[in-house]
Amino acid sequence: MTLDATEFPKPARGAERLIGRGLKLTHLRLIAALAETTQLTATARALSISQPAASRLLAEAEGIVGHALCERRAKGIALTAAGHALAARAQAVLLEIAEAGREIGDVAAGRLGTVSLGAVTAAAVDLVVPTLQRLQRQNPGLQASVDVATSDVLIEDLRRGRHDFIVGRVPISMDPAPFEIRPLRPEVVALIVRSNHPLAQRASVGARDLAPYDWVMQQPGSLLRATLEEALLERGSPPPNCRLSTSSLLLTLALVTRSNAIAPVSAEVARLVCGQGGLGRAIATLPIDFYVEIKPFCLIRLRGHRPSPSAALVQDALLEDFRG
């Protein structure tokens with residue numbers, strides 16, 4: 001339900017007027033949820049209210065703000081410019097309130113605090129885990145939750161307030177303006193195979209030597225895959241024949257150990273899985289005669305968002321360890 005522009009009072013200016021006219025957290029939760037779902041029914045379900053109640057809240061919010069916040073489309077609801085502006089602020093307000101609740105809970109429980117972050121695989125293995133281990137030895141009360149995923153997944157979770165920060169990359173298709181971005185280091189690509197793979201015993205493997213084999217790679221368009229495909233094409237090798245696309249390292253390793261498939265991973269991950277003992281006996285790194293490097297992964301957080309003490313501690317330590 002939307003209101004005709006002629007029904008609106010003169011637009012309010014300033015937070016005091018919006019609050020004075022009755023803008024409440026329930027309205028902010030509604031518009032933030034609408035921005036995510038683009039469906040009034042799904043928004044009502046997310047807020048555990050009925051659809052008529054959600055419609056009433058939307059009408060109230062539009063009356064308070066003095067502008068239409070959304071318009072109905074064939075496949076759902078599209079936010080207006082005013083709706084997008086309010087939704088962005090609503091998401092920031094709700095994130096700050098959630099942070100306050102978490103900090104109060106940590107103080108009440110006598111904990112240093114909990115940090116939630118996301119990281120791409122290479123950064124998680126080579127940077128995040130060692131830094132967290134060092135900090136937790138120094139600060140036993142520090143608790144951490146780490147999600148490992150591709151950058152496109154992590155950046156959406158960051159935008160929705162599910163992480164304090166991430167270590168990854170802003171996708172090319174996304175506007176970087178809402179984020180504070182601190183470059184860390186580039187990612188070198190390695191190719192792993194089973195230890196008795198036909199290419200594993202060679203002293204050197206060229207790009208064209210890879211052509212006869214199947215590959216297991218991340219989804220089409222992912223940075224690692226696109227960078228490797230470009231590198232192979234530049235060296236006269238056809239695009240990899242990828243019969244399975246996955247971002248799961250566990251599934252990748254399972255397929256590599258059971259077939260002649262080749263998998264591109266970061267050099268850090270390759271060192272981990274090809275080390276002495278364990279998978280080191282089953283997985284080998286190919287001695288390729290060319291070099292592939294992906295643009296640096298970065299420490300990324302929402303612009304203007306004040307980190308909790310625990311999040312600030314981990315961010316500073318990651319930057320310090322990187323410089324070291």
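Mentor: The sulfur of C242 lies 19 Å from the closest cysteine sulfur, that of C274, which is too far for a bond, and the structure holds zero disulfides, a disulfide being a pair of cysteine sulfur atoms within 2.5 Å. C242 is buried, with a relative accessible area of 18%, and C298 also counts as buried, at 10%; buried means under 20% relative accessible area, exposed over 50%, and partly exposed in between, with a 1.4 Å probe and protein chains only. This is a predicted model, in which local features need pLDDT of at least 70 and side-chain atom pairs count only at pLDDT 80 or more, while totals for chains, interfaces and linings use all residues. Residues are numbered from 1 along each chain as its sequence is written, and side-chain values use heavy atoms, with hydrogens and water left out.

Now to the helices, which are DSSP runs (H or I, at least four residues; strands are E, at least two), numbered from the N terminus. Helix α2 (residues 25-37) packs against helix α3 (residues 40-47) at an angle of about 125°, with the axes 9 Å apart; axes are lines fitted to C-alpha atoms, for helices over the stretch in contact, and angles run from 0 to 180 degrees between N-to-C directions. The pair α2 and α3 is therefore oblique, since angles under 35 degrees count as roughly parallel, over 145 as roughly antiparallel, 65 to 115 as roughly perpendicular and the rest as oblique. On the α2 side the contact (heavy atoms within 4.5 Å) is made by R29, L30, A33, L34 and T37, and on the α3 side by L40, A42, T43 and L47.

In the loop between α2 and α3 sits T38, whose phi is near 55°, a positive value in a residue other than glycine; at 34% relative accessibility T38 counts as partly exposed. S48, in the loop between α3 and α4 (51-65), likewise is not a glycine and has a positive phi of about 60°, but S48 counts as exposed, at 68%. For context, most residues other than glycine have a negative phi.

Helix α2 also packs with α4, at an angle of about 105° and with their axes 10 Å apart, which makes α2 roughly perpendicular to α4. Here the contact involves T26, H27, L30 and L34 of α2 together with A54, L57, L58, E60, A61 and I64 of α4.
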